[in-house]
Amino acid sequence: MILVNQKHQVAWHKGITIRDVLKIMNYTYPHMAVRVNGTPVLDDQYDTYTIPDEADVRVIHLIAGG
Amino acid sequence: MKVLTFNPELCTGARDCEATCAQTWFKVTDVAKSSIRITPTDQGFNAEFCIQCGKCLDVCPVDALYQDKKGIVRVKKNLCVGCMSCVGFCPYGVMHFDTEEVVPFKCIACGQCVETCPNGALKIIETEEASTDLWNGLVGW
Amino acid sequence: MNEAKAKLHVLSEFTYTPSTVERGYTGQTLYVNVGDGTIKGKPVTEDMKEKFIGGRGFDLWLLWQGINDSTKWNDPENEIVIASGPCGGTTQYPGSGKSIAVSISPLTHVPIDSNAGGHYGPYLKFSGWDAIEVQGKAEKDVFVYVDGPAGIVQIIEAPEDSPTDTHMLGHWLNDHFAASEKDKQQMSFVTAGIGSDHSYIGCLNFSLYDRKRHDLRYKQAGRGGIGTVFRDKKIKALIVKSFPVKGDSNHPADMERIAATGADMQHEVATFDPVQNRMRSRGTSYLVQIMNDYDLLPVHNYKFGAHPDTPKINGDIWEAQYTQNMPDGCWYGCTVACAHAVDAYEVRTGPYKGQRVIVDGPEYETIAGCGSNCGIFEPWALLEINFYCDTYGIDTISFGTGMAFVMECYEAGILDKEKTGGLDLHFGKAEETLEVMHQLARGEGFGKIFGMGIRQMKQYFVEHFDADPQFVQDIGMEAKGLEYSEYLTKESLAQQGGYGLTNKGPQHDEAWLIFMDQVNNQLPTFEDKAEALHYFPMWRTWFGLCGFCKLPWNDVVDPKNSLSAEPAKIPHHVQNYVEIYSGVTGKEVTTDDLIDMSERVYNLQRVMNIRLGYGLRDHDAIPYRSAGPVTEEEYLSRQERYDDQIREWFDKDPETMTTQEKMALHREYREGRYEKLIDAVYKRRGWSPNGVPTVEKLQQLGIDYPDVVAIVKKYL
């Protein structure tokens with residue numbers, strides 16, 4: 001199980017990437033800062049960075065709104 | 001259109017071109033005011049200068065940029081508001097900014113540097129296509 | 001000299017030698033009384049620069065001195081004050097040309113501040129004035145003309161045949177005041193329209209001459225009815241003619257520092273905007289689909305947060321309609337360029353039917369407010385509404401939110417065809433919405449009632465149409481008398497405060513915390529939320545002190561920001577603003593100093609609200625629709641979420657409860673936690689439990705002027 005933003009549980013499977021989690025959460029906003037167990041992951045790694053089981057994933061959406 | 005072209009195989013890094021350009025257009029020795037920039041590489045030297053592609057014309061909010069009859073992109077200083085849109089949006093990083101006059105400057109293929117290059121690594125040519133191949137000795141040599 | 005101008009009747013004239021701009025300031029503000037014809041310059045003191053910086057700070061300070069404790073919006077002593085700010089008019093950094101207008105609002109009866117792009121504020125400065133302060137009420141329609149190169153200020157009688165509506169008046173003014181294309185580029189107008197004559201939701205249009213289109217464009221200071229004050233004063237236009245703009249018109253202290261920061265930012269925009277929000281091709285319209293995806297888009301008067309028809313009005317639709325590849329910045333050098341336009345739109349209704357016009361926008365707020373919130377998903381209707389709001393001088397946000405309220409009242413049976421004069425105003429009725437707009441502009445029929453704004457409509461519906469006072473109070477999305485802007489806040493307590501705990505009323509330019517709070521879960525405690533409701537309103541206030549737009553701060557961001565300690569604040573952009581501010585003014589500042597600057601102005605504004613009989617805890621109340629589900633329909637639409645919350649928050653089994661019981665439980669809890677939020681925020685801001693800045697706070701900020709202290713002492 002992966003914990004997203006200390007609130008949402010996402011089922012873990014081997015090879016699950018950041019992109020997969022964003023898709024499951026329907027996180028479509030383009031300005032995000034992602035940290036996995038405290039380590040920042042840049043957006044060019046979203047497709048390749050695999051998340052370990054029990055990971056604490058923070059998807060920080062930057063402020064939106066006019 | 002008229003453009004400058006560079007042959008890296010002939011360049012020895014004398015950098016007279018930079019000094020000539022700064023002196024010709026700004027009457028200074030500071031090569032930060034040169035529109036041609038030479039940088040050393042593992043193999044020799046690179047040169048970067050405007051290839052006259054004209055992409056900057058679209059981002060200028062006041063029509064201060066235009067291509068003259070020879071296809072050279074030029075700045076109308078009296079219309080320019082110094083906004084640096086062209087500087088930031090030049091895909092090749094060859095639009096520079098003069099903080100004293102607060103206007104951009106660039107290579108206009110005047111050919112002064114061609115005259116002072118001791119190795120004949122620069123020349124002015126006519127070409128159809130704006131391309132960074134002009135920096136690589138692939139056009140006009 | 002334009003011959004047509006020579007024929008106009010000058011009522012009052014003042015000649016001056018324009019002060020040159022030094023380090024962002026001219027050191028003079030312009031005072032014009034359209035009632036008695038007084039025109040004069042006032043010096044800007046060092047104390048004023050130190051304490052209030054410029055822009056909204058100058059506006060409020062001048063207004064503070066111009067009014068008395070009982071001034072109403074339509075009293076002659078009410079003022080409209082407009083200023084850019086010390087950095088306004090910088091051309092090297094995106095978004096550095098904003099103007100901020102301040103006046104006592106006909107909707108809230110306290111000062112409203114509203115910002116706009118366009119060229120007026122910077123041009124005013126380049127003509128020798130850091131701000132313009134207009135007071136008095138003219139007998140007949142007038143223009144106020146400032147000509148920097150000629151060194152004259154005139155109050156001119158507006159001929160009876162001159163138009164009032166912005167898109168017509170702009171052309172008329174060009175014909176009468178500009179002698180050449182060059183003149184047109186050096187001029188800017190502030191105008192309203194006949195909708196401002198007949199409603200409390202009037203807006204101001206700030207023009208810019210678009211050199212690529214060879215035509216006028218307009219940006220709106222929409223909020224709070226300043227257009228209404230403008231027309232009440234019988235002003236048709238403020239006109240400025242400036243010296244030509246140069247890259248160093250601000251005469252900054254350190255041009256190289258500004259240019260270096262500007263070059264970095266321009267390059268950032270060029271590199272990252274195409275793969276991020278695509279502001280350069282879609283502007284703020286990109287937000288429509290995003291908000292829908294996160295259940296935050298207001299739908300049917302904020303009942304719901306998403307709608308299946310949203311793709312019909314999302315960013316891709318507008319990208320196809322906006323003319324592309326134009327440098328659509330609302331000030332020179334703004335390559336974020338969100339100020340898009342639809343060219344050659346053929347008007348389908350009303351007095352300008354058949355004309356081909358430029359529609360400035362629509363932007364996110366207009367699309368969400370007049371679109372999804374009203375159940376209108378037809379792009380043509382949104383263009384038509386946008387065009388008429390602008391030319392009539394009506395705020396699109398108040399119009400959209402107001403119409404959403406009316407439509408819900410219609411569906412709830414409070415209104416019917418008899419009461420609306422034959423108009424079917426169910427959600428989604430586009431033609432009828434436009435008819436309300438035209439009636440409003442003419443000051444007739446149901447449109448006239450509508451133009452009073454939600455707060456007064458609620459009262460009217462109770463008194464005349466037997467509406468249930470509690471119901472209209474719950475669903476009428478206004479606070480302090482101002483209509484909400486277009487975000488759903490039910491699941492973000494911090495943003496309920498972001499709207500409710502504002503000085504001017506519920507406008508998101510003070511704080512937008514929904515993602516931090518609801519999505520990122522970064523503000524779990526009341527103290528966390530209070531800290532955010534201190535920092536962000538202060539930070540965002542700062543833009544308006546200096547002449548900046550907020551968008552380049554966070555709508556394009558180098559991905560390296562992810563590596564910073566506080567990505568939500570976008571520290572490298574905050575540092576850019578330190579560089580530009582210091583580069584312009586020559587004053588070395590830190591990021592903390594920027595917050596201090598805002599806090600002084602923000603607290604002065606709070607005290608001003610109190611001075612005018614508002615500004616206390618009671619006035620920070622919000623309608624329940626913004627905090628939770630008002631109707632069963634609303635509850636059932638998100639039943640899973642609300643039922644889960646009953647389990648989580650109250651440890652109760654929702655299966656054993658009726659919907660009404662569950663709604664009551666939610667309401668008690670949600671209203672209670674808003675009160676707790678208020679306590680925490682007031683404490684963080686240095687205010688008493690009644691929302692009054694303490695004397696110590698005023699002393700700490702250096703604004704403990706005797707008349708300011710005297711106001712708060714009455715309530716402490």
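This is a predicted model: local features need pLDDT of at least 70, side-chain atom pairs count only at pLDDT 80 or more; totals for chains, interfaces and linings use all residues.
Residues are numbered from 1 along each chain as its sequence is written, while chains are lettered from A and ligands numbered from 1 in the order in which they are written.

The pairing of E11(C) with E12(C) is antiparallel and runs over 7 bridges, where strands are DSSP runs of at least two residues, helices are H or I runs of at least four, and both are numbered from the N terminus; two strands count as paired if DSSP finds at least two bridges between them. Within this pair C:Tyr209 stands opposite C:Leu216, and the two strands form a hairpin with 4 residues between them, where C:His214 in the turn has a positive phi of about 55°. Strand E10 (residues 187–191) of chain C also pairs with E11(C) in the antiparallel sense, over 2 bridges, with C:Thr191 opposite C:Asn205.

Strand E11 (residues 204–210) of chain C is largely enclosed by the rest of the structure, because 7 of its 7 residues are buried, buried meaning that 20 or more other C-beta atoms, placed from the backbone, lie within 10 Å of the residue's own. C:Leu204, C:Phe206, C:Leu208 and C:Asp210 point one way from the strand, and C:Asn205, C:Ser207 and C:Tyr209 point the other way.

Turning to the domains, chain C is assigned domain 1 (3–241), domain 2 (255–483) and domain 3 (493–713), with bounds from an automatic or database domain assignment. The C-alpha centres of domain 1 and domain 2 of chain C lie 25 Å apart, and 42 residues of domain 1 are in contact with 42 residues of domain 2, contact meaning C-beta atoms, placed from the backbone, within 7 Å. On the domain 1 side, the elements that give two or more residues are helix H5 (166–177), helix H7 (194–197), E11 and E12 of chain C, and the largest share, 5 residues, comes from E12(C).

Finally, the contact between chains C and A takes 25 residues from chain C and 20 residues from chain A. Helix H11 (287–293), helix H13 (364–371) and helix H21 (514–519) of chain C are the elements that give two or more residues to the chain C side.

Conventions:
Two residues are in contact if their C-beta atoms, placed from the backbone, lie within 7 Å. A residue is buried if 20 or more other C-beta atoms lie within 10 Å of its own, exposed if 12 or fewer, and partly exposed in between; C-beta atoms are placed from the backbone.
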